[in-house]
Amino acid sequence: MADKPAILGGTPVRENKIYYGHQWIDDDDVAAVAEVLKSDYLTCGPTVTALEQELARVTGAKCAVAVSNGTAALHCAMIAGGIGEGDEVITTPLTFAASANCAIYVGAKPVFADVNPETYNIDPDSIEAHITDKTRAVVAVDYTGQAVEHDRIREICDKHGLLYVTDAAHAIGTVYDGRPEGSIADMTTFSFHPVKTITSGEGGAITTNDPELARKLRFASQHGITKDPAQFEEPNPEGGWYYEMQELGFNYRLTDFQSAMLLSQLKKLPAFSNRRKEIVKRYDEAFADMPGIIVQREIPESDTTRHLYIIQLDLDKLTCTRAEFFNAMSAENVQCQVHYVPVYYFPFYARLGYEHGLCPNAERIYEHIMSIPLYPMMTDRDAEDVIAAVRKLTEWYAKTSN
Ligand SMILES: Cc1ncc(COP(=O)(O)O)c(C=O)c1O
């Protein structure tokens with residue numbers, strides 16, 4: 001007889017709650033921030049430049065522009081790419097809303113392509129099927145950290161003259177066919193929110209190999225202002241104080257102390273990445289033959305630094321619903337989350353006329369998944385507890401044994 005779930009009065013697998021993600025901040029991160037706090041520059045200073053250089057090095061991109069968060073990064077990518085009124089931008093519904101919202105910020109329309117039912121990443125065939133004469137860009141999301149099928153998407157974008165943006169909010173550290181995320185698409189956006197692999201509390205960046213796009217990204221994120229006399233439209237008629245606003249931009253600056261924190265965190269990226277890989281490997285082994293559980297398929301090209309570990313419930317083999325399983329995991333003190341409600345399900349999108357049924361694979365996946373804890377600070381014991389909770393519940397709710 002399987003152990004009774006805690007939600008039904010049994011003993012939880014662990015005493016204290018473990019969450020799906022958590023940052024890892026050491027004394028050296030704190031010291032790096034403190035040093036900059038006592039320096040001359042809190043913003044617009046040399047540490048931001050140093051971070052941008054390091055991000056370019058780590059991602060293999062020619063240029064990096066630091067911004068205040070991943071949403072700002074996506075917005076700037078749309079602006080720099082010249083996306084605007086009447087344009088269509090193809091993206092995935094299985095993502096955080098910002099991947100689609102960025103199109104709306106610039107007056108364009110997000111169009112949702114379906115995902116591959118096994119990898120959960122945007123399906124290149126579905127991208128192609130959604131191209132119209134209004135399509136201008138693709139925003140592909142490296143969902144959970146796994147690289148999208150870059151080569152195929154690149155080919156489609158080149159064939160149809162589309163801008164290729166990758167939302168790699170989940171994927172710093174991931175390498176696709178030998179190339180790090182950040183060096184592949186026309187622009188790649190990153191987020192440094194606390195559940196992400198490296199963090200500065202809030203933070204973001206865009207990488208690109210095109211210096212002209214980098215210049216436009218800087219404009220978009222810094223009020224459309226330049227202080228460089230060489231860039232002034234007229235020779236400087238005013239004086240040394242003069243700066244010039246040439247475009248309508250935003251204040252999406254990252255501070256120097258956040259940049260210091262990210263520089264410190266970047267030093268640990270290889271260790272964070274390895275630890276995430278170890279936990280993923282252990283989970284993969286444990287769930288490979290566990291009835292009732294299906295795991296995300298990896299494409300061989302992706303050497304993934306996984307941000308999220310998703311389990312998909314095979315509800316044909318279980319007597320419970322996804323919500324019951326989710327609540328039962330919580331009662332075992334393993335707090336999961338669901339990534340994501342398909343973006344077009346939200347009331348804002350419904351009011352724009354998007355309807356359920358647009359992307360059947362994404363909708364089906366959404367109904368069956370949850371993200372279990374995955375972060376580098378987890379101990380082996382923590383990971384075993386998570387596995388024990390999943391095993392306990394799949395056994396209890398197994399159709400054959402009840
Ligand atoms: C896929 C994806 N894109 C964009 C974002 C937005 O990033 P931020 O929260 O830094 O604005 C997130 C953050 O959760 C995300 O997961």
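Student: How do the axes of helix H1 and helix H8 cross, and within what distance do they come?
Tutor: This is a predicted model, to be clear. In it, the axes of helix H1 (residues 27–37) and helix H8 (residues 256–267) cross at roughly 150° and come within 8 Å.

Student: Roughly parallel or roughly antiparallel?
Tutor: Roughly antiparallel. Angles over 145 degrees count that way.

Student: And is the crossing of H1 and H8 left-handed or right-handed?
Tutor: The crossing is right-handed.

Student: Which residues meet there?
Tutor: From H1, Asp-28, Asp-29, Ala-32, Val-33, Val-36 and Leu-37. On the H8 side they meet Asp-256, Phe-257, Ala-260, Met-261, Ser-264 and Gln-265.

Student: New topic, sheets. What is the order of the open sheet with S12, S14 and S15?
Tutor: The order is S12-S14-S15, with antiparallel pairing. Strand S12 (293–295) and strand S15 (369–372) are the edges, each pairing on one side only. From one strand to the next, the twist averages 40°.

Student: How many bridges between S14 and S15?
Tutor: Four, in the antiparallel sense; S14 covers residues 309–313. As one example, Ile-310 has Ser-371 in S15 as its bridge partner.

Student: Which helices pack on that sheet?
Tutor: Helix H9 (residues 269–288) touches S12, S14 and S15, and its direction makes about 15° with that of S14. Helix H12 (residues 360–368) packs on the sheet too, touching S14 and S15. The direction of H12 makes about 55° with that of S15.

Student: Let me pick a residue. Where is Val-280 found?
Tutor: Val-280 is in helix H9.

Student: Buried or exposed?
Tutor: Buried. Its relative accessible area is 10%, and the cut-off for buried is under 20%.

Student: What is Val-280 in contact with, leaving aside neighbours within four places in sequence?
Tutor: Arg-306, Tyr-309 and Leu-374. Val-280 and Tyr-309 are 29 residues apart in sequence, but their C-alpha atoms are 7.2 Å apart in space.

Student: Now S5. How many of its residues are buried?
Tutor: Five of the five, so S5 is largely enclosed by the rest of the structure. Leu-163, Val-165 and Asp-167 point one way, while Tyr-164 and Thr-166 point the other way.

Student: How does S5 run relative to S4?
Tutor: The two run parallel, joined by five bridges. Ala-140 stands opposite Thr-166 in S5.

Student: What about helix H4? How many of its residues are buried?
Tutor: Six of its eight, so to speak mostly covered; H4 spans residues 98–105. The buried residues are Ala-98, Ser-99, Ala-100, Asn-101, Cys-102 and Ala-103.

Student: Which residue just after H4 takes a positive phi?
Tutor: Gly-107, at about 90°. Just after H2, Gly-60 also takes a positive phi, of about 75°.

Student: On H2, what span should its 14 residues give?
Tutor: At 1.5 Å a residue, H2 (residues 46–59) should span 20 Å. Its end C-alpha atoms are 20 Å apart, which agrees.

Student: Which residues of H2 are buried?
Tutor: Thr-47, Val-48, Leu-51, Glu-52, Leu-55, Ala-56 and Thr-59.

Technical notes. Residues numbered from 1 in each chain as written. Predicted model: local features only at pLDDT ≥ 70, side-chain atom pairs only at ≥ 80, totals over all residues. Heavy atoms only, no water. Expected span 1.5 Å × (residues − 1). Buried < 20%, exposed > 50% of the residue type's maximum accessible area, 1.4 Å probe, protein only. Pairing = 2+ DSSP bridges. Axes fitted to C-alpha atoms, helices over the stretch in contact; angles between N-to-C directions. Contact = heavy atoms within 4.5 Å. Parallel < 35°, antiparallel > 145°, perpendicular 65-115°, else oblique. Left-handed = near helix turned anticlockwise from the far one by under 90°.
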